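The structure is shown first, and the description follows.

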Amino acid sequence: AVPLDLAGRHVVVSAGGTREPLDPVRFLGNRSSGLQGYALARTAVARGARVTLVAANVALPDPAGARVVRVGSAEEMREAVLEAVQGAGGEADAVVMAAAVADFRPAGYRDSKIKKTPGAEPEPIRLVKNPDILAELGARPHGDQVIVGFAAETDDVLANGRAKLARKGCDLLVVNQVGEDLAFGRPDNAAVVLAADGTSTEVPRGPKEALAEIVWDLVAARLKPAPG
Ligand code: C5P
């Protein structure tokens, strides 16, 4: 039987990958499929939560029972996530940032398609920093809200993960091992979940649902008793 340990809770999950527009037809994007975020949303619904899923550029059907807010860019995701975590029903109980949010965006959006000029070199694309949504969530006063981040690391996985957990002020950081046949667009994932209390949980390679369930186990253990 599925534990209904998230009943009466509101959780916000972000999924997918942001696209940073360059001109009306082009963008800078990434390879995130949204599978992990959708698995988190589905499993949270099954455990009784009210779920808001903020999805960026995901080609997957809406998970049953979740409220889905679709966004494109990092700035749109920031708006939607901040609105969802401070929703009408008060602060969300937990927020899980599974989305791949672009760290940078093109400095200037061109209203018309960038053309090639015969004989001329293309202009370089200048980038500016995007807001770091997870760091903002960690820095704002958030009561007992449990904040979870994801990190895709290729080397010094644990050291980089620990540093990122502290820098972003989250309670849990799911550190994915990214490799040829892991993570992006694949049904399988392997990870280590680092907690702010110094503990860590190793999650062997398996379906993204299994990792999602472990994330919710760790979140549920950190929720303060619901009022009433
Ligand atoms: O710094 P890095 O991109 O590795 O951090 C990954 C984590 O931070 C993910 O949880 C991602 O959703 C979040 N993030 C964010 N805003 C950004 C970049 C990343 O919320 N601009």
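Leaving aside residues up to four places away in sequence, E153 touches N160, K164, V175, N176, Q177 and V178, where contact means heavy atoms within 4.5 Å. E153 is placed in strand β9 (residues 146-153); strands are DSSP runs of E with at least two residues, helices are runs of H or I with at least four residues, and both are numbered from the N terminus. The relative accessible area of E153 is 10%, so this residue is buried. In this classification buried means under 20% relative accessible area, exposed over 50%, and partly exposed in between, with a 1.4 Å probe and protein chains only. One neighbour, K164, also makes a polar contact with E153, side chain to side chain, at 3.1 Å. A polar contact is a pair of N or O atoms within 3.5 Å; within protein, one must be able to donate a hydrogen and the other to accept it, and residues adjacent in sequence count only if both atoms are side-chain atoms.

**Basis of the model**

The model is predicted: local features need pLDDT of at least 70, side-chain atom pairs count only at pLDDT 80 or more, and totals for chains, interfaces and linings use all residues. Residues are numbered from 1 along each chain as its sequence is written, and side-chain values use heavy atoms, with hydrogens and water left out. The mean pLDDT of the chain is 93, and 96% of its residues reach 70 or more; pLDDT is the predictor's confidence in each residue, from 0 to 100. For the complex, the predictor gives an ipTM of 0.98 and a pTM of 0.95.

**Salt bridges**

A salt bridge is counted where a side-chain nitrogen of Lys or Arg lies within 4 Å of a carboxyl oxygen of Asp or Glu.

| Pair | N to O distance |
|---|---|
| R47 and D217 | 2.7 Å |
| D62 and R70 | 2.8 Å |
| E123 and R110 | 3.2 Å |

The salt bridge between R47 and D217 links distant parts of the chain: R47 is in the loop between α1 (35-46) and β4 (50-56), whereas D217 is in helix α5 (residues 208-222), 170 residues apart. R47 counts as buried at 1% relative accessibility, while D217, at 41%, counts as partly exposed. Both residues belong to a network of salt bridges that links D5, R47, E213 and D217.

In the pair of D62 and R70, D62 is partly exposed at 47% relative accessibility, and R70 is partly exposed with a relative accessible area of 44%.

E123 forms its salt bridge with R110. Both E123 and R110 lie in the loop between β7 (104-106) and β8 (127-129), so the pair ties together parts that are 13 residues apart in sequence. E123 is exposed at 62% relative accessible area, and R110 is partly exposed at 35%.

**The chain as a whole**

The chain contains five helices and twelve strands. Its C-alpha atoms fill a box of roughly 70 × 40 × 35 Å along the principal axes. Of the 228 residues, 43% are buried. Among contacts between residues at least 6 apart in sequence, 63% join residues at least 24 apart.
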